[in-house]
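Hi,

Here is the structure I promised to pass on. Have a look at it first, and then read my notes below.

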There are 2 protein chains.
Amino acid sequence: MQIDDTMQRAAAAFEEYRYTTPAARATFLETIAAEINARREALIETAHAESNLPVARLNGEITRTTSQLQLFATLIREGSWVEAVIDTARPEHTPARPDIRRMLLPVGPVVIFGASNFPFAFSTAGGDTASALAAGATVVIKGHPAHPGTSLMIFEAITHAISKSGMPAHTVQHVTGDGNATGRELVMHPLTTGVGFTGSFQGGKALLDYAAQRTVPIPVFAEMSSINPVVFYPDALASQTAQLAQTFAASITLGMGQFCTNPGILLGLKSEALEDFISQLGTAIAAVAPQKMLHQGICEAYTKGRSHMLETAGVTLVSESAPPAALEAWPSLARTTGKALLTNPALKEELFGPYSLMVVCADKAELVAVLKSLHGQLTTTIVGTPADTAQYKDVITTQSTLAGRVILNNPPTGVEVCAAMVHGGPFPATTDQRFTSVGTSAIRRWVRPVCFQNFTDDMLPDALKAANPLGIWRQVDNQFVR
Amino acid sequence: MQIDDTMQRAAAAFEEYRYTTPAARATFLETIAAEINARREALIETAHAESNLPVARLNGEITRTTSQLQLFATLIREGSWVEAVIDTARPEHTPARPDIRRMLLPVGPVVIFGASNFPFAFSTAGGDTASALAAGATVVIKGHPAHPGTSLMIFEAITHAISKSGMPAHTVQHVTGDGNATGRELVMHPLTTGVGFTGSFQGGKALLDYAAQRTVPIPVFAEMSSINPVVFYPDALASQTAQLAQTFAASITLGMGQFCTNPGILLGLKSEALEDFISQLGTAIAAVAPQKMLHQGICEAYTKGRSHMLETAGVTLVSESAPPAALEAWPSLARTTGKALLTNPALKEELFGPYSLMVVCADKAELVAVLKSLHGQLTTTIVGTPADTAQYKDVITTQSTLAGRVILNNPPTGVEVCAAMVHGGPFPATTDQRFTSVGTSAIRRWVRPVCFQNFTDDMLPDALKAANPLGIWRQVDNQFVR
């Protein structure tokens with residue numbers, strides 16, 4: 001009943017919010033950013049106590065969060081994101097072609113689930129919320145139970161921004177409660193038109209399955225599970241051993257491995273150079289000091305999963321750091337063979353934490369077989385020199401089809417928030433590989449195209465009027481013009 | 001087992017076809033069009049025998065089909081449809097931003113279900129197939145059992161084109177068989193990556209439900225059910241009565257009403273002018289000669305559905321044509337009140353054929369209530385003068401949210417194949433309102449964005465190379481350039 005009231009209010013607010021001007025929504029997003037900045041100290045203190053994340057990281061994450069809000073404000077103030085397409089009338093055609101114009105419009109109230117590993121940037125006022133509000137959708141946030149105080153403080157900042165910007169009172173609402181029951185009710189509510197989620201495979205799949213039970217289907221954008229395979233090609237491995245070991249040890253243990261893009265599986269061809277790399281990488285990982293994980297549940301899952309991996313036939317421990325204290329993660333590197341991986345699908349499952357599995361492949365054919373056996377991924381990384389990329393072109397072609405983001409000679413951690421970013425990928429990396437949850441095109445998750453035929457200019461939305469009053473880029477009779 | 005073989009071949013062909021050049025695929029599409037044209041006489045003869053559609057209509061539909069193939073050839077030869085987005089490196093940023101580039105790439109083999117009401121333009125080499133092949137996806141066609149000979153002849157034309165263009169032999173395959181079992185197997189096959197369908201709500205919903213049972217979710221683009229509400233506003237009704245009656249009688253009975261965009265529900269405010277319009281519309285519809293429907297099943301469903309509608313409490317017959325012969329449709333106009341419609345949801349269901357229901361609303365509030373009660377639609381039409389659109393702005397606002405295409409003073413039948421077209425809309429008009437099945441952006445159903453980070457120029461796809469060798473429009477550092 002409480003959720004029904006919430007969704008009714010979100011739908012009512014949408015009937016007003018959907019018609020706000022882009023400029024008004026941009027100011028609203030900037031005001032949220034300002035309200036968050038005004039609470040920075042207190043937010044960091046609360047989030048640090050709730051998530052164990054270091055203060056410096058949280059400070060940086062708040063900056064990323066306010067930058068994302070600013071980025072979407074800039075996007076909608078500029079305005080071309082609506083993809084205005086205009087085909088002018090052709091009265092001389094048989095039959096005469098009417099004037100037809102299309103643009104993107106918001107779908108309705110959406111439900112956003114906060115992520116535990118980004119208490120700011122992918123939670124209450126994170127990228128999902130920012131993109132939905134920018135699109136003109138109203139938002140119901142399910143706060144993550146691992147950082148309830150942080151979530152409520154951010155919601156308070158949003159509430160102040162709503163009031164200061166004169167937006168409808170229920171443009172954004174916040175609900176808490178038992179994850180499963182509340183989540184189910186939110187996803188299945190008839191007035192919900194879309195869902196955003198970042199978290200575990202189990203969590204995202206449950207939401208997708210709830211949505212499948214609805215009378216009216218809605219999209220679920222769940223970013224779930226990825227082991228981000230990195231292939232180390234021979235020439236790079238031999239020529240940059242020490243540097244690669246340092247770079248990837250840092251990437252694997254960054255934030256105690258609590259990133260969607262953590263490189264959880266490393267692949268290479270059996271060779272002395274690879275053995276040397278494994279040794280140096282192991283040494284570098286062993287030197288990393290254990291730190292606290294986000295919460296008890298994640299720490300227990302990591303500890304149990306790590307033990308399980310290390311007890312699996314064919315898997316051996318390469319190295320581990322000093323033993324962790326309570327709540328801490330245990331940075332570790334394990335190894336196995338391509339053959340073992342091909343016979344044991346469990347080795348391809350995500351283990352959320354500072355762990356990576358080096359897969360030593362007997363030859364190129366086995367490497368290709370391993371790559372083809374992998375699930376869909378957020379990222380895949382090619383570590384190779386020009387000599388490698390020339391020699392292993394066919395392997396790289398196979399590797400490049402695995403993920404939403406294909407990277408050359410960069411670690412996969414670190415996701416730029418920009419126009420070209422794709423933080424998405426084939427299932428189970430996400431539930432809908434056609435969309436991204438990071439970068440400006442994340443806004444497309446909350447809209448649909450609507451076309452207006454034979455409209456008079458005064459009746460058209462501003463983005464489609466003849467004079468182009470918003471000054472946006474438009475595709476007019478198949479030419480981009482502004 | 002047979003379907004498994006088919007999908008394995010489609011997946012194998014995809015590994016080759018996905019890397020063909022846009023120019024080669026464009027030539028392939030044009031060759032299909034040429035092969036169809038070369039068989040035009042025989043195709044019309046066969047399709048006329050199988051579908052009862054008039055020869056002139058079938059001739060026009062073949063032209064539309066070859067035009068669609070040509071349109072997608074032009075689209076991919078021009079090339080900007082891939083949405084190339086480039087964010088160049090920013091080494092001066094902290095941390096340094098790598099070069100990130102994104103474009104659309106095909107997802108894999110897709111399954112297309114032919115439609116009964118368009119044996120050419122939405123069947124074997126119709127819009128779905130053309131858009132998928134243009135995108136670089138391989139296609140498995142489930143031929144519609146109502147026109148098996150036509151479907152096989154078209155497939156033969158495609159096979160010749162494959163051979164002449166040097167495309168992989170299994171780029172397009174054709175399967176027949178019992179609709180339900182074969183359809184289920186095709187949709188649930190692990191190698192299938194997308195589904196296109198045009199047909200009944202029952203058919204589309206079944207495919208969507210099969211897809212929900214898959215381990216790996218895939219999109220189902222089903223265009224299903226729409227009654228295309230037309231609102232006649234008072235001033236237009238009073239000033240253009242006779243002309244509107246002729247225009248809409250023609251639209252309702254065009255092709256014996258066997259179009260997705262057939263205006264199945266008409267709305268107006270109780271008045272003398274409305275009564276006059278109903279009377280003239282009824283007279284015009286009664287003057288239309290019955291013609292044969294597509295097949296026995298559709299005729300029986302229409303006959304039964306029409307009787308059921310006319311026996312419903314609150315519904316009365318306004319007029320009907322001369323009685324139909326066997327297999328023929330019975331053009332009919334019925335009427336009811338807004339109140340009756342609001343209490344009987346069955347009146348809002350699609351009746352596929354030359355039938356429309358005029359809903360007389362007691363006042364503006366009832367009209368708005370009726371509009372709000374309607375399901376999602378492909379189209380909705382506003383018939384109004386400038387005086388109407390000024391006076392009924394709030395009603396028009398409500399009406400405009402109903403559909404994928406909002407039309408002013410045109411009948412909804414006739415769907416332009418152009419860049420701005422949206423032939424889609426909220427459920428149950430389609431299963432995914434974010435996409436269109438007509439027009440050039442239909443190609444987006446078969447692709448996903450992939451981003452390339454820190455790639456060297458020689459390793460990038462042509463669409464993303466620095467020199468822009470394809471000469472396409474690209475968004476570079478947030479500016480559209482070519």
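Before the interface counts, one term: a polar contact is a pair of N or O atoms within 3.5 Å, where within protein one must be able to donate a hydrogen and the other to accept it, and residues adjacent in sequence count only if both atoms are side-chain atoms. By that rule, 28 residue pairs are in polar contact across the interface of chain B and chain A, both residues being at pLDDT 80 or more.

Some housekeeping: this is a predicted model, so to speak of local features I need pLDDT of at least 70, side-chain atom pairs count only at pLDDT 80 or more, and totals for chains, interfaces and linings use all residues. Residues are numbered from 1 along each chain as its sequence is written, chains are lettered from A and ligands numbered from 1 in the order in which they are written, and side-chain values use heavy atoms, with hydrogens and water left out.

Back to the interface. Chain B and chain A each put 65 residues into the contact (heavy atoms within 4.5 Å). Together they bury about 5500 Å², 58% of it on carbon and sulfur atoms; buried area here is the accessible area (1.4 Å probe) that two parts lose on being put together, summed over both. There are 4 salt bridges between the two chains, a salt bridge being a side-chain nitrogen of Lys or Arg within 4 Å of a carboxyl oxygen of Asp or Glu. Arg444(B) and Glu83(A) are joined by a salt bridge at 3.0 Å, N to O.

Which elements of chain B give two or more residues to the side that touches chain A? They are β1, β2, α8, α16, β14, β15 and β17 of chain B. Helices (H or I, at least four residues) and strands (E, at least two) are DSSP runs, numbered from the N terminus. β15(B) gives the most, with 7 residues. By class, this side of chain B has 35 nonpolar, 16 polar and 14 charged residues; Ala, Val, Leu, Ile, Met, Phe, Trp, Tyr, Cys and Pro count as nonpolar, Asp, Glu, Lys and Arg as charged, and the others, Gly among them, as polar.

β15(B) also pairs with β14 of chain A, in the parallel sense over 3 bridges (two strands pair if DSSP finds at least two bridges between them). Val406(A) has Phe452(B) as its bridge partner there.

Now the sheets. One open sheet of 12 strands, with mixed pairing, runs β17(A)-β16(A)-β1(A)-β2(A)-β15(A)-β14(B)-β13(B)-β8(B)-β9(B)-β12(B)-β11(B)-β10(B). β17 of chain A and β10 of chain B stand at the edges with a single partner strand each, so one side of each has no neighbour in the sheet. Within this sheet, β2 and β15 of chain A run antiparallel and are joined by 7 bridges, with Arg102(A) opposite Cys451(A).

Chain B also has an open sheet of 5 strands in the order β5-β4-β3-β6-β7, with parallel pairing. Its edge strands are β5 and β7 of chain B, each with a single partner strand, so one side of each is left without a neighbour in the sheet. β3 and β6 of chain B run parallel and are joined by 3 bridges, and Ile112(B) stands opposite Gly196(B).

Finally, the whole structure has 38 salt bridges over all chains. One of them joins Glu156(A) and Arg39(A) at 3.1 Å, N to O. Glu156(A) is in helix α6 of chain A and Arg39(A) in the loop between α2 and α3 of chain A, so the pair ties together parts 117 residues apart in sequence.

Cheers
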